[in-house]
Amino acid sequence: AKRIAEALERIAPAPPAPARLGDAAAFLWDAETKRLRAARRVSAPPLRLLRGIDDQKDQLFENTRRFAAGAPANNALLWGARGAGKSALVKSIHGAIEEQSPGALTLIEIQREDISTLPSLVALISDAPERCLVFCDDLSFEALDTSYKALKSALEGGLEGRPENMAFYATSNRKHLTPRLMAENADAAAIRRGEAAQETTSLSDRFGLSLGFYPTSQDDFLAMVTGYGEALGLALQGGALEREALAWAAGRGARSGRVAWQFITDVAAREGKPLSF
């Protein structure tokens, strides 16, 4: 049995070495193995092409720039209309800072369903020299979901508090991350009305920077489409591009950055153009 075990060890592939923070600019958190996996690429448009969210862009960029430079920074919650460019803004800002100062900021994405393992990720990066921006896209919590308590503790709670080399950014369609009905039901069952509601809604208070995103106007939508079209060198330009874009948006019943990109993807496919900047 021992010889068989030794033979199997010889022919079995060695386990991959755990990724180190300095090996890449961005990582994905593997909650099962409690390891980081280097991202092959970060899918995000250049920051200059994100239109209609100038105030949000300026505030988030300045907060992130200060953090990457070694100064304190706030956790940030980007909430509001779907498809408004919340997650694209986070990734584009990381790309802009990486272009200006390579290695100054490491982006780590954690999935919503793995948020209960955030304390393990915090422990892994807390002693690292790198400045780590932990990012969770589409974060929200449903009724009976108590994993938000792990997030509260990792952000500001605990004896040691949040590590100086970590900031946490999240996007959500909800301003308070929990459905209103969840807070109301908990409040109705509480001994003192309001205490349970404060327990669930206070999570958003852990984010020092809260940025709202709102439905896209027609002018901003067309500016997005035009900017993408010019950057990709599409043959379809001007009034023809705008007319097709408006028809595309009407067919989907919405105008947003996501819809603008989906339209540009369709035009680029028709023209045989790669989606690269």
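The paragraphs that follow describe the chain as a whole, then its helix contacts, its aromatic pairs and one loop serine.

The model is predicted: local features need pLDDT of at least 70, side-chain atom pairs count only at pLDDT 80 or more, and totals for chains, interfaces and linings use all residues. Residues are numbered from 1 along each chain as its sequence is written, and side-chain values use heavy atoms, with hydrogens and water left out.

The chain contains ten helices and seven strands; helices (H or I, at least four residues) and strands (E, at least two) are DSSP runs numbered from the N terminus. Of its 277 residues, 44% are buried, where buried means under 20% relative accessible area, exposed over 50% and partly exposed in between, with a 1.4 Å probe and protein chains only. Contact means heavy atoms within 4.5 Å. Among contacts between residues at least 6 apart in sequence, 76% join residues at least 24 apart.

Two packed helices are described by the angle between their axes and the distance between the axes. Axes are lines fitted to C-alpha atoms, for helices over the stretch in contact, and angles run from 0 to 180 degrees between N-to-C directions. Helix H8 (residues 218–232) and helix H9 (residues 238–252) have axes that come within 10 Å and cross at roughly 120°. This makes H8 oblique to H9, given that angles under 35 degrees count as roughly parallel, over 145 as roughly antiparallel, 65 to 115 as roughly perpendicular and the rest as oblique. On the H8 side the contact is made by Gln218, Phe221, Leu222, Val225 and Thr226, and on the H9 side by Leu241, Glu242, Ala245, Leu246 and Ala249. By class, these comprise seven nonpolar, two polar and one charged residues; Ala, Val, Leu, Ile, Met, Phe, Trp, Tyr, Cys and Pro count as nonpolar, Asp, Glu, Lys and Arg as charged, and the others, Gly among them, as polar.

H8 also packs against helix H10 (residues 257–271), with axes that come within 9 Å and cross at roughly 35°. Here Phe221, Met224, Val225, Tyr228, Gly229 and Leu232 of H8 meet Gly257, Val259, Ala260, Trp261, Phe263 and Ile264 of H10. The contact of H8 with H10 has ten nonpolar, two polar and no charged residues.

The structure also holds four aromatic pairs. Rings of Phe, Tyr and Trp (its six-membered ring) pair if their centres lie within 6.5 Å; planes under 30 degrees apart count as stacked, over 60 as edge-to-face and the rest as tilted. Trp79 and Tyr214 have ring centres 6.1 Å apart and planes at 80°, so this pair is edge-to-face. Trp79 belongs to strand E3 (residues 76–80) and Tyr214 to the loop between strand E7 (209–213) and H8, so the pair ties together parts 135 residues apart in sequence. Trp79 is buried, at 16% relative accessible area, whereas Tyr214 is exposed, at 54%.

Phe168 and Phe207 form a tilted pair, 6.1 Å centre to centre with 45° between the planes. Phe168 lies in strand E6 (residues 166–172) and Phe207 in the loop between helix H7 (195–201) and E7, so parts 39 residues apart in sequence are tied together. Phe168 is buried, with a relative accessible area of 0%, and Phe207 is buried at 4%.

Finally, Ser140 occupies the loop between strand E5 (132–136) and helix H5 (148–155). Ser140 counts as buried at 17% relative accessibility. Leaving aside neighbours within four places in sequence, Ser140 is in contact with Arg112, Ser172, Arg174 and Leu177.
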